[in-house]
Amino acid sequence: MTDNMKFTEIKTPIDIPCLKDIKTREKYIFNEMKIGDHTFFEGQVTGGKAYMAAQAHGRYKNKKFRGKTVDGGLCIWRTK
């Protein structure tokens, strides 16, 4: 080790609960949805982030999702 390297001591409380790994792809609940289940995303529309995430998840996991814009947001159903 050289004298150029400086380290900063970081103190963290021990009683903080462990968080889910931020690299996981489980931002949405599509993986837990069964056929016929639906979820509502307030302020979202068809073609938005939640809808595109459902479509991508469906391609990756061989599932099908349908979305419909309703009053105040987007409803997504699992169909396969």
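## Burial of T39

A residue is called buried when its relative accessible area is under 20%, exposed when that area is over 50%, and partly exposed in between. In this predicted model, T39 has a relative accessibility of 13% and therefore counts as buried.

T39 belongs to strand β1. Apart from neighbours within four places in sequence, T39 is in contact with I29, F30, M33, L74, C75 and I76.

## The sheet

The model has an open sheet of three strands, arranged in the order β1-β3-β2 with antiparallel pairing. Strands β1 (38-42) and β2 (65-70) each have a single partner strand and stand at the edges, so one side of each has no neighbour in the sheet. From one strand to the next, the twist averages 20°.

## Pairing of β1 with β3

Strand β3 covers residues 73-78 and runs antiparallel to β1, with five bridges joining the two. Within this pairing, F41 is placed opposite L74 of β3. L74 is also one of the residues in contact with T39.

## Pairing of β2 with β3

Strands β2 and β3 also run antiparallel, and six bridges join them. One of the residues involved is V70, whose bridge partner in β3 is G73.

Technical notes. Residues numbered from 1 in each chain as written. Predicted model: local features only at pLDDT ≥ 70, side-chain atom pairs only at ≥ 80, totals over all residues. Heavy atoms only, no water. Pairing = 2+ DSSP bridges. Helix = DSSP H or I, 4+ residues; strand = E, 2+ residues; numbered from the N terminus. Axes fitted to C-alpha atoms, helices over the stretch in contact; angles between N-to-C directions. Buried < 20%, exposed > 50% of the residue type's maximum accessible area, 1.4 Å probe, protein only. Contact = heavy atoms within 4.5 Å.
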